[in-house]
Amino acid sequence: GQVLDGVETQYLEHHIAAMCGRQFAVAVNSGTQALIFAQQALNIHGKIIIPTQSFVATLNSVILAGNYPRFVDIDKSGLLDLEFPEFDNFNDNEVRAVMYVNLYGNVIDYHKLKLITDFFSPGHEVKIIEDAAQSFGASYQGIPSGKLGDVSVLSFDPTKNLPNYGSGGMVLTDDLGLAEAIVDLRDNGKLEGHHFPGTNSKMSEAACAQMLVKLKHFDAWQRRRTEIAEYYNNRLSNYVDTPKTTEGTVHAWSKYVIKLPDRTALQNHLSSSGIETKINYATPLYDHTVGYPYINY
């Protein structure tokens, strides 16, 4: 029993919470599970606004939590489009939350999003879930990503900029009640004497210990990512559509994603020179089969 829920897990939670400016952090077994727990802890029942472009886990988490996705298009930077007509007339009484994604390490204009949800919410509070799976280390107007929203979610998947050798995730909040609810959800309801159902969703002590070592190098890794991204921006901007950064944002550069009219030709050319590239999220969420029943919601 000493390989779970020990001091290494507590240290990792404490350090991540401090880096993100949060009061509480709860480690779980994946970013996907963290998204599900966030919805359950917030007691959300209804429609959740999500972007059309993201990893399919965004959509899956909404469905598995028993909610309904409300698809909203993305802007030119790949973030939830705050100018989309959905936000011009925010009057759906069944919308209970906005779950936005800081795609590729960029951060949304959070103040604008909060203004919309506060001012136009239809007679009830609309919760905000920050999916910061790709933006750990980023910030918006000096506020760390992981601090923005009622609840924030991190992923330590091997493809992220703070990766675990297996997987892992974390839920961050400033609300003690929410933090305790998430601990209960990850531990089969043990915290509250099994009055409520939960599951088994944890990071091992060994994984957390490894992550603590990586945290010592994280700032240096981020500086190097930024140097590489700026090098690409300076030399590619005349040829392709390079990544955009929200005003006031420090980008995390989880991925460097470009856009151009004929991506296949460029990909083949680079491949012939031994340079690997990938198409990122080639299928929008509403085109995944699992999303078909929810298109009209």
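This is a predicted model: local features need pLDDT of at least 70, side-chain atom pairs count only at pLDDT 80 or more; totals for chains, interfaces and linings use all residues.

Biologist: How many bridges join β5 to strand β8, and do they run parallel or antiparallel?

Modeller: There are 3 bridges between β5 and strand β8 (residues 151–155), and the two run parallel. Residues are numbered from 1 along each chain as its sequence is written, and side-chain values use heavy atoms, with hydrogens and water left out.

Biologist: Which residue stands opposite Glu-130 in β8?

Modeller: Ser-152.

Biologist: And what is on the β4 side of β5?

Modeller: Strand β4 (residues 95–101) is joined to β5 by 5 bridges, and that pair is parallel. Val-101 stands opposite Asp-131 in β5.

Biologist: Is β5 largely enclosed or open?

Modeller: Largely enclosed by the rest of the structure, because 4 of the 5 residues of β5 (residues 127–131) are buried. Buried means under 20% relative accessible area, exposed means over 50%, and partly exposed is in between (1.4 Å probe, protein chains only).

Biologist: What is the strand order in the sheet of 7 strands?

Modeller: The order is β1-β9-β8-β5-β4-β2-β3, in an open sheet with mixed pairing. Two strands count as paired if DSSP finds at least two bridges between them. β1 (24–28) and β3 stand at the edges with a single partner strand each, so one side of each has no neighbour in the sheet. Neighbouring strands of this sheet are turned by 25 degrees against each other on average, direction ignored; the axes are lines fitted to C-alpha atoms, for helices over the stretch in contact, and angles run from 0 to 180 degrees between N-to-C directions.

Biologist: How many bridges join β2 to β3?

Modeller: Strand β2 (residues 47–51) has 5 bridges to β3, and they run parallel. Within that pair, Ile-49 has Arg-70 as its bridge partner in β3.

Biologist: What about the sheet of 3 strands?

Modeller: That one is also open, with the order β7-β6-β10 and antiparallel pairing. Its edge strands, β7 (143–144) and β10 (249–250), each pair on one side only. Strand β6 (residues 139–140) pairs with β7 over 2 bridges, and Ser-139 stands opposite Pro-144.

Biologist: Switching to charges. How many salt bridges are there?

Modeller: The count is 13, where a salt bridge is a side-chain nitrogen of Lys or Arg within 4 Å of a carboxyl oxygen of Asp or Glu. One of them joins Asp-5 to Lys-202, with the closest N and O atoms 2.7 Å apart. Asp-5 lies in the segment before α1 (7–20) and Lys-202 in the loop between α6 (176–186) and α7 (205–236), so the pair ties together parts that are 197 residues apart in sequence.

Biologist: Which residues are linked with those two in a network?

Modeller: Asp-187 and Lys-190 are linked with Asp-5 and Lys-202 in a network of salt bridges. Lys-202 is buried at 17% relative accessible area, whereas Asp-5 is partly exposed at 32%.

Biologist: Where is Asp-81, and what is its nearest side chain of opposite charge?

Modeller: Asp-81 is in the loop between β3 (68–72) and α4 (85–88). Asp-81 is buried yet has no salt bridge, and the nearest side chain of opposite charge, Lys-112, is 7.0 Å away. Lys and Arg count as positive and Asp and Glu as negative; His and the chain ends are not counted.

Biologist: Which residue does Lys-112 meet in a salt bridge?

Modeller: Glu-83, at 2.1 Å, N to O. Glu-83 sits in the loop between β3 and α4 and Lys-112 in helix α5 (residues 110–120), 29 residues apart. The backbone nitrogen of Glu-83 also lies 2.9 Å from a polar atom of the Asp-81 side chain.

Biologist: Last topic, cysteines. How many disulfides?

Modeller: The count is 0, taking a disulfide as a pair of cysteine sulfur atoms within 2.5 Å.

Technical notes
A polar contact is a pair of N or O atoms within 3.5 Å; within protein, one must be able to donate a hydrogen and the other to accept it, and residues adjacent in sequence count only if both atoms are side-chain atoms.
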